[in-house]
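Please walk through this model with a few pointed questions.

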Amino acid sequence: MNEYADLLIIGAGPAGMSAALAAASSGARIVLLDDNPLAGGQIWRDGPQASLPDQARQMRERLHASHNIRHHPGTRVIACTAPNQLLVEDADHGWLIDYDKLILCTGARELLLPFPGWTLPGVTGAGGLQALIKGGLPVQGERVVIAGSGPLLLASAATAKHNGAQVLRIAEQAPSLTVAGFALQLPRWPGKWMQSFTLFDRQYRTGTHVVEALGNQRLEAVRLRQQGKIVELACDRLACGFALIPNTQLGQALGCELAGTALAVDGWQATSVTNHFAAGECTGFGGSELALVEGAIAGHAAVGNTEAARQLWPRRARWQGFARALNNAFRLDPQLKALARADTLVCRCEDVPYAAVAGHADWRGAKLASRCGMGACQGRVCGGALQYLFDWQPSAPRPPFSPARIETLLCVDDAPPA
């Protein structure tokens, strides 16, 4: 089966939903893909214990009501098979999608830095814990420590507490003066300022980072360096999130240039590849508000409505200011690069310790010598960690981008010639 889209959007988080709705009035045939069962992305993830904001519900309703938007949930991109053609797969089958224009809204993932004990059962990402709880994980009465950097720690703690967990500590690695400076700027964005009061937690500590997770068969305690002193807390769960990494793999495979670790875009959210746009956290982390306006600009621009896109530039600039303040305040301390010991696993899929990769000059050399990044996650976890630890730039991925059925791969051979 082949499908055609005037506009194909990859990712149904805030940016992707906003892009689809902005483009819908043009009458273009729009196809929206996402690997989650429901639209909303990670920030608006649904589940038995999730509480969706009204904005997310309203946008979902508008998507369903738009006759020219076709949403494929639970669908992954497997390969780029020809110019303006992707091979995709859902739970039932695979097929090819041809498109005229494309918007990448592939979001971001957590940066997980290796430290002794980080592979123990009970240790997760901060956003990972939040997603698990929303999906139904029971945490009633459990003792939880959350560590890393940025506002995601507070959001994860709020979700855990709302579901009955006892949050013992929120360990923010940024120093107190930097965090205070950021807080003083929040009145420039009143919504964020008000939100900060709802997320405040008396267990929040600045200048604090994880040193080691302790336990035999599973997590039993965590050791923190809190403002220069070692503190040990017995706990049942440890959730660590040090930053967010833009998901650029598909964009790189399509030939899009990078700006630092994110996809490079211009004022119209256009990438370096003609008729290919990008929006949201794959272009840099700035929160849902920035993702929404970037998605709308990309959607309008992709269907030729440049005037509507231009009118959104001031709003984007406002939220780009918030993104700069946020990223400057929560920049990681270089001492976090020294958390891992020689025997600490950096690639848990292939059991590769830090010592096995530390002597190499680049990602390719480490991969060839140690199999780092060649396991089930295909470098999605260790790749980001090694990029931070050694400033290595991961290479563009090779297809298939995700595990796929043989029948799906055969779609390429069955396709008629272009």
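**Pocket, helix and backbone**

Q: How do the residues lining the second largest pocket divide into nonpolar, polar and charged?
A: This is a predicted model. The second largest pocket has 14 lining residues. Their division is 8 nonpolar, 3 polar and 3 charged.

Q: Which elements give two or more residues to the lining of the second largest pocket?
A: The pocket holds about 240 Å³ of space. Ser18, Gln55, Met59, Leu292 and Arg315 lie nearest its centre. The elements that give two or more residues to the lining are α1 (14–24), α2 (54–65), α8 (288–302) and α10 (313–329).

Q: What does α10 reach from its first C-alpha to its last?
A: α10 has 17 residues. At 1.5 Å a residue, 24 Å is expected. The model is close to that, with a reach of 24 Å.

Q: Which elements do the buried residues of α10 pack against?
A: Buried here means under 20% relative accessible area. In α10 the buried residues are Arg316, Trp319, Gly321, Phe322, Ala323, Ala325, Leu326 and Ala329. They pack against α5 (176–185), α6 (190–199) and α8.

Q: What radius of gyration does the protein chain have?
A: The chain has 14 helices and 21 strands. Its C-alpha atoms fill a box of roughly 65 × 50 × 40 Å along the principal axes. With 418 residues, a compact globule would have a radius of gyration near 22 Å. The chain agrees, at 22 Å.

Q: What share of the contacts with a separation of 6 or more comes from residues 24 or more positions apart?
A: Buried residues make up 53% of the 418 residues in the chain. Among contacts with a separation of 6 or more, residues 24 or more positions apart account for 65%.

Q: Where does Pro400 lie?
A: Most peptide bonds are trans. The bond joining Pro399 and Pro400 is cis, with omega about 0 degrees. Pro400 lies in the loop between α13 (382–390) and α14 (406–414).

Q: Is Asn84 buried, partly exposed or exposed?
A: Asn84 is not a glycine, yet its phi is positive, about 60 degrees. Its place is the loop between β4 (76–82) and β5 (85–89). The relative accessibility of Asn84 is 27%, so it counts as partly exposed.

Q: At what relative accessibility does Gln378 stand?
A: Gln378 also has a positive phi, near 55 degrees. Its place is the loop between α12 (363–370) and α13. Gln378 counts as partly exposed because its relative accessibility is 48%.

Conventions:
Residues are numbered from 1 along each chain as its sequence is written. This is a predicted model: local features need pLDDT of at least 70, side-chain atom pairs count only at pLDDT 80 or more; totals for chains, interfaces and linings use all residues. Side-chain values use heavy atoms; hydrogens and water are left out. On a 1 Å grid over the protein atoms alone, a cavity is a set of points where a 1.4 Å probe fits but cannot get out, and a pocket is an open set with protein on both sides within 12 Å along at least five of seven lines; lining residues have an atom within 4 Å of a point. Grid points are joined across faces, edges and corners, and a volume is the space filled by probe spheres set on the points. Helices (H or I, at least four residues) and strands (E, at least two) are DSSP runs, numbered from the N terminus. Ala, Val, Leu, Ile, Met, Phe, Trp, Tyr, Cys and Pro count as nonpolar, Asp, Glu, Lys and Arg as charged, and the others, Gly among them, as polar. The expected span of a helix is 1.5 Å times one less than its number of residues. Buried means under 20% relative accessible area, exposed over 50%, partly exposed in between (1.4 Å probe, protein chains only). Contact means heavy atoms within 4.5 Å. The radius of gyration is taken over C-alpha atoms; the globule rule is 2.2 Å times the number of residues to the power 0.38.
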